[in-house]
Amino acid sequence: MKILSICGKIAMCLFSFCFSGVIWVHGQTNKEYYELFLKEFQQKDTSAVSNTISKWETAFPESAELVIARANVFLSKSAQEVIRTTVEPPKFDDGRCLVLKDSLGNVSGYMYSEFVFNEDYFQKWVTTLQNGIKKYPERIDLRSGLIYSYFQNSKFEQACAELLSLVHHSKEIDNKWYGLFDEPYDKATLYDCLQDYFTYFIDGRSDISYVKKYVDALIEVFKDNPVFYSDKAYVYMMEEDFDSAIKEYELAYTLDPSDMLIVMNLGYLYEQKGDKKKAIEYYKKVIDSPAEQYLKDMAQEGLNALK
């Protein structure tokens, strides 16, 4: 188990290296307590972790990093890694999934690890972070850790509710978020993380109603971001509502006419609707642009099919 920061998420993963010895620091700063906790936590030295947290609570009782430490202790007790062998690919593929093949080379299954959670300890993790969020509402790492764990535990309703809270609070604070040690969190990274969550809904095969609520909130708050209109269009494509998908992609295209993935999708949708003229128009835009070669190849393939 370790604390993993990816776009501010607090998550679990295999920890492949270790530290030797214990570093004793006198008169620690908040950051030094955090680093000491992290080393002991990674060593799975529960006695040392408990002792460090106790001292930390006395020295820096108002530390948001202390909240992270407490929460991860509960999460480490909650999560157990298990090996799965299934005929369907994993919901969340971290790149370590083994694809199984039969004697003819055909895919026969998948082997991968995932975490299962003890509900009592998981709820203690949740409560600790929720209390931390109330106390430090602008600390996005606390919110992201909670959201990520909901996705890992397939609690999509809770993930959606927490995401809606995050998005609307972002509007209230003009996107001025903070991460570990109160470092400012830039808007580009925020957008990347919000997009990651959309992907988690899709990859996790969540109920589509949660995805719609999330995307609608994103567009309401971030009206100038073409990616979120594209997300909404993608949801409509999943439902084969091509007219609505085209409307959203056209809005995205208005905001960013240089995004050739948007243009490519418009060509595809018009092709599906049987509007050959519009499909050719958009495919040619992709071919004539400095787009990546794979997009040009797809556009050319679409164009050839319409001749």
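**Exercise 1. Determine which residues of helix α9 are buried, and which helices they pack against.**

Step 1. In this predicted model, where local features need pLDDT of at least 70, side-chain atom pairs count only at pLDDT 80 or more, and totals for chains, interfaces and linings use all residues, the buried residues of α9 are Pro226, Phe228, Tyr229, Ser230, Asp231, Lys232, Ala233, Val235 and Met237. Buried means under 20% relative accessible area, with exposed over 50% and partly exposed in between (1.4 Å probe, protein chains only). Residues are numbered from 1 along each chain as its sequence is written, and side-chain values use heavy atoms, with hydrogens and water left out.

Step 2. These buried residues pack against α7 (187-203), α8 (208-221), α10 (242-255) and α11 (260-273), where contact means heavy atoms within 4.5 Å. Helices are DSSP runs of H or I with at least four residues, strands are runs of E with at least two, and both are numbered from the N terminus.

**Exercise 2. Compare the span of α9 with its expected value, and describe what lies at its ends.**

Step 1. Helix α9 (residues 226-238) has 13 residues and reaches 19 Å from its first C-alpha to its last, close to the 18 Å expected at 1.5 Å a residue; the expected span is 1.5 Å times one less than the number of residues.

Step 2. Just after α9, Glu240 takes a positive phi of about 60°.

**Exercise 3. Work out the strand order of the open sheet and its pairing.**

Step 1. The three strands have the order β1-β3-β2, with antiparallel pairing; two strands pair if DSSP finds at least two bridges between them. The edge strands, each pairing on one side only, are β1 (79-86) and β2 (98-101).

Step 2. Between β2 and β3 (residues 107-117) there are four bridges in the antiparallel sense, and Leu98 has Met111 in β3 as its bridge partner.

**Exercise 4. Classify the aromatic pair of Phe156 and Phe201, and state whether each residue is buried or exposed.**

Step 1. Rings of Phe, Tyr and Trp (its six-membered ring) pair if their centres lie within 6.5 Å, and planes under 30 degrees apart count as stacked, over 60 as edge-to-face and the rest as tilted. With 6.5 Å centre to centre and 40° between the planes, this pair is tilted.

Step 2. Phe156 lies in helix α6 (residues 156-172) and Phe201 in helix α7, 45 residues apart. Phe156 is buried at a relative accessible area of 10%, and Phe201 is buried at 1%.

Note on methods: Polar contact = N/O pair within 3.5 Å; in protein donor to acceptor, adjacent residues only side chain to side chain.
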